[in-house]
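Keep the 3D view open and follow along.

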Amino acid sequence: IFLILSRLERRKGIHLAIQAFGNVIKNHPDSLLCIVFPIGEYSYPEMLEEYFSQVSKLNIGQHVHFITGVNVKNVPLYFQASNFFLMSSVELETFGLSTIEAAASGCVPIGFKSGATTELLYKINKKLIVTSINAKSLAKKINWALSLTNLEKQKLRLQSIKMSDAYKWSKTSKSLNKLL
C-alpha cells in the first residue's frame, strides 16, 4: 500500500504518481495507491475530476483509491496501514512534515528531489529519493521499493523511525530554546 496525503494541487505531483502507478501494477498487480485529501478551502474539484479521468484512462481504478473526510486524529492510522508514503511534490516543500509523520509511523517515505524532502530522505537512505521529476522515474523507484526483501523493507522502516526521532517536538523545542 502506497499513501499520498496531500491537497489536490498540480504542484503536489499526484498526476505523476497516478501515471507511475499505471506502470507499477503491470509488475505488482496487488499494489494499491491511496490518495487522502482534505475537502474545503484548499480543495480544487477540477483536479479531482482530472485525476478520476486519468485513473479511468489508465484502467487502474481498482488500484487507486481516493479518500476524503478523514478526521485529523485518524491520519496516523493511514500512515500505519501503509507500507510506503509518496511525497510526490514537484515544487519546493519547505519542510515536509508529512514525511516526518510517515517515517515516525514506520511508513517508508519516497519522494522527489524537492526542498527539505531530500534532506530528510538522505538521513534514511538516499535510494528513497527520486532524482528526476517525472512519472517514469517515480515508477522505477516504486518498483525498486517493491522488489526489496522483507528484511530490507524492515530495515528501511527502522531507519525511518530513527530519522523521525530527531524531529520530536520535545527535541526541537529544546534546540529552539538554545538558539534563542
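On one side of helix 7, Asn150, Leu151, Lys155, Leu158 and Lys162 are exposed. Keep in mind that this is a predicted model. Helix 7 itself runs over residues 150-165, which makes 16 residues. From its first C-alpha to its last it reaches 23 Å, close to the 22 Å expected at 1.5 Å a residue.

Now turn to the other side. Which residues of helix 7 are buried? They are Lys153, Leu156, Ser160, Met163 and Ser164. These five sit on the same side of helix 7, because they cover an arc of only 95° around the axis. There's a handy rule behind that kind of pattern: an α-helix has 3.6 residues a turn, so residues three or four places apart point the same way.

What do the buried residues of helix 7 pack against? Their partners are strand 4 (84-87), helix 4 (97-104), strand 5 (108-112), helix 5 (116-122) and helix 6 (135-147).

## Phe84 and its surroundings

Strand 4 is worth a stop, and Phe84 lies in it. Phe84 is buried, with a relative accessible area of 3%. Leaving aside its neighbours within four places in sequence, Phe84 is in contact with Ile1, Phe2, Leu3, Cys107, Val108, Ile110, Ala145 and Lys153.

Phe84 and Ala145 are 61 residues apart along the chain, and their C-alpha atoms are separated by 8.6 Å.

## Rings that pair up

How many aromatic pairs does a search of the whole structure find? It turns up four. In one of them, Phe2 and Phe84 are stacked, at 5.1 Å centre to centre and with 15° between the planes. Phe2 lies in strand 1 (residues 2-5) and Phe84 in strand 4, so this pair ties together parts that are 82 residues apart in sequence. Phe2 counts as buried too, at 1% relative accessibility.

For a second pair, look at Phe52 and Phe66. Their ring centres are 4.9 Å apart and their planes stand at 90°, so this pair is edge-to-face. Phe52 belongs to helix 2 (residues 45-58) and Phe66 to strand 3 (residues 64-68), so the parts tied together here are 14 residues apart in sequence. Phe52 counts as partly exposed, at 43% relative accessibility.

Back at Phe84, there's also a cluster: ring pairs link Phe2, Phe21 and Phe84. The charged end of Lys141 sits over the ring of Trp144, 5.5 Å from its centre.

## Salt bridges

Next come the charged side chains, where the count comes to five salt bridges. One of them joins Glu9 and Arg11, at 2.9 Å from N to O. Is Glu9 buried or exposed? Glu9 counts as buried, at 13% relative accessibility, whereas Arg11 is partly exposed with a relative accessible area of 23%.

Another salt bridge links Glu119 and Lys123, at 3.9 Å from N to O. Glu119 is partly exposed at 47% relative accessibility, and Lys123 is partly exposed as well, with a relative accessible area of 46%.

Asp165 and Lys168 meet in a salt bridge too, at 3.0 Å from N to O. Asp165 counts as partly exposed at 28% relative accessibility, and Lys168 is also partly exposed, with a relative accessible area of 44%. Some of the bridges share partners, and that joins Arg7, Glu9 and Arg11 into one network.

## A loop residue with a positive phi

Last stop: the loop between helix 2 and strand 3, where Asn59 is found. What is phi for Asn59? The value is near 55°, which is positive, in a residue other than glycine. Asn59 is exposed, with a relative accessible area of 67%.

Terms used: Residues are numbered from 1 along each chain as its sequence is written. This is a predicted model: local features need pLDDT of at least 70, side-chain atom pairs count only at pLDDT 80 or more; totals for chains, interfaces and linings use all residues. Side-chain values use heavy atoms; hydrogens and water are left out. Helices (H or I, at least four residues) and strands (E, at least two) are DSSP runs, numbered from the N terminus. The expected span of a helix is 1.5 Å times one less than its number of residues. Buried means under 20% relative accessible area, exposed over 50%, partly exposed in between (1.4 Å probe, protein chains only). The arc is that of the directions from the helix axis to the C-beta atoms. Contact means heavy atoms within 4.5 Å. Rings of Phe, Tyr and Trp (its six-membered ring) pair if their centres lie within 6.5 Å; planes under 30 degrees apart count as stacked, over 60 as edge-to-face and the rest as tilted. A charge sits over a ring if NZ of Lys or CZ of Arg is within 6 Å of the ring centre and within 35 degrees of the ring normal. A salt bridge is a side-chain nitrogen of Lys or Arg within 4 Å of a carboxyl oxygen of Asp or Glu.
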